[in-house]
Amino acid sequence: MRTSTRTLLAAALVLGVAAGPALGPAVAAQPAATARPARDADLAKTMAAAIAGLPRADATAALVRVGGTAGTWRGSSGVRDLESGAPADPAARFRSGSVTKVFTAATVLRLVAERRIGLDRPARAYLPDLIPARYGGVTVRQLLNHTHGIPAPDFPGETVEEWYEHRFDVHTPEELVRSATAKPREFRPGTRQHYLNIGYTIAGLIVERVTGDSYERQVERRILRPLGLEDTYLPGGAAGITGPYNHGYQTMRLGDGTTGLRDVSVWGTSDAWAAGDLVSTTADLERFTRALFAGRVVRGPLLEEMFTLPEVTDLETGAPAAYSVGLSMKRLGGREVWGKTGGRWGYNAAIGSTRDGSRTLVYSVNSTDAKGQDTNPTALRVMVAAYGLPD
């Protein structure tokens, strides 16, 4: 849920306007957006415009669900795959990326409620064999709100083409932690914020250490099964998506030297694990979002941890911290919107809600540059259509 004001303004200006060039002659069909009737006519109009015209250069499909007392809308646009041109499946599974962090944070907080984990205890107290003394002061809370100061681990490759060649590499969580903690810290813990995956990798290992069970089974037992999220699962690094899905594509240099789209639907996720490997649907994520904000996943003061920003500044931008335990916050349309975005190759996803649940948003956009520096234009249009411009 973190985007620049300038980018959001640019997205707002193109709402309802031609969305740019199509993908070219290879795409024969461009199905119009389909949706159920909405109680809010303006919402229906602006949201349909936000995802109309797919596939196009920035995205091949989009699935959106808006809920809450302020109006509801369900819609999809684009194609299931570029080869067939079949309409996108609105019930399809997709990679949720860093939306996984919300599930991980909620699992840790439930264990805190059981007094099996302490938010203010050092991570090293749980993983003395993995966390070296130089990071002995890093607490569990700091892992979850990105104020730990532990740098990112090393991965092979520097370009998307090189990463694609390594897409089936297997990385164990322990390997990632050792790679990261072998480096000097970025800052003294608790003094800055830097959004990285490594804190959640360590948190997943703590879940395993204190329960004697796998991270995946703990999330399933504590969140997925109680909420009936039957189309959501943690693949444990598996490269394929189980069940129906809309194919994801990435712009990159192809074997003949030209630049074009490559199907990247099959890509290993062991590099992300507890920070980003969840597979879900918009219906399941909407159910999870409603339950989370209603206090049915995490309760009382521990839920407030998810809505409390640390009083530090971002390491890279100097702006006030935007990430809490599991979530992030942006002021849009005169109100606080809390949620989490995520990106895996071929897929951008997000959940969001106002604190009172009056407007929830879940989307999956099959972005052609899902891990690029800028937020996907279609995703931005959806966010602005749902909540409005930044204050």
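These legends describe close-up views of a predicted model.

**View 1. The whole chain in outline.** The protein holds eleven helices and 13 strands. Of its 391 residues, 55% are buried. Among contacts with a separation of 6 or more, 71% link residues 24 or more positions apart.

**View 2. Helix H3 packed on helix H7.** H3 spans residues 100–113, and H7 spans residues 198–211. Their axes lie 10 Å apart, at an angle of about 35 degrees. The crossing is left-handed. On the H3 side, the contact residues are Lys101, Thr104, Ala105, Thr107, Val108 and Leu111. H7 answers with Tyr200, Ala203, Val207, Val210 and Thr211. By type, the contact of H3 with H7 comprises seven nonpolar residues, three polar and one charged.

**View 3. The largest nonpolar core and its neighbour.** The largest nonpolar core counts 69 residues. Phe103, Ile202, Ile206, Phe288, Val297 and Met306 have the most contacts inside it. H3 is the top contributor to this core, with eight residues. A second core is separate and has 22 residues, including Met47, Leu332, Ala350 and Ala379. In soluble globular proteins, nonpolar side chains tend to be buried together.

**View 4. The surroundings of Met306.** Residues up to four places away in sequence are not counted here.

View 5. Strands E6 (residues 249–253) and E7 (residues 259–263) pair in the antiparallel sense. Five bridges join them. In one of these pairings, Thr251 has Leu261 in E7 as its bridge partner. Five residues lie between the two strands of the hairpin. In the turn, Gly257 has a positive phi of about 90 degrees.

View 6. The bond joining Leu54 and Pro55 is cis, with omega about 5 degrees. Pro55 sits in the loop between helix H2 (41–51) and strand E2 (59–67).

**View 7. Positive phi at Arg115 and His146.** Arg115 is not a glycine, yet its phi is positive, about 65 degrees. Arg115 belongs to the loop between H3 and helix H4 (140–144). His146 likewise has a positive phi, near 65 degrees, and is a residue other than glycine. His146 is placed in the loop between H4 and helix H5 (160–165). Are these residues buried or exposed? Arg115 is exposed, at a relative accessible area of 78%. His146 is buried, at 2% relative accessibility.

Conventions: Residues are numbered from 1 along each chain as its sequence is written. This is a predicted model: local features need pLDDT of at least 70, side-chain atom pairs count only at pLDDT 80 or more; totals for chains, interfaces and linings use all residues. Side-chain values use heavy atoms; hydrogens and water are left out. Axes are lines fitted to C-alpha atoms, for helices over the stretch in contact, and angles run from 0 to 180 degrees between N-to-C directions. Helices (H or I, at least four residues) and strands (E, at least two) are DSSP runs, numbered from the N terminus. A crossing is left-handed if the near helix is turned anticlockwise from the far one by less than a right angle, and right-handed if clockwise. Contact means heavy atoms within 4.5 Å. Ala, Val, Leu, Ile, Met, Phe, Trp, Tyr, Cys and Pro count as nonpolar, Asp, Glu, Lys and Arg as charged, and the others, Gly among them, as polar. A nonpolar core is a set of buried Ala, Val, Leu, Ile, Met, Phe, Trp, Tyr and Cys residues joined through side-chain atoms within 4.5 Å. Buried means under 20% relative accessible area, exposed over 50%, partly exposed in between (1.4 Å probe, protein chains only). Two strands pair if DSSP finds at least two bridges between them.
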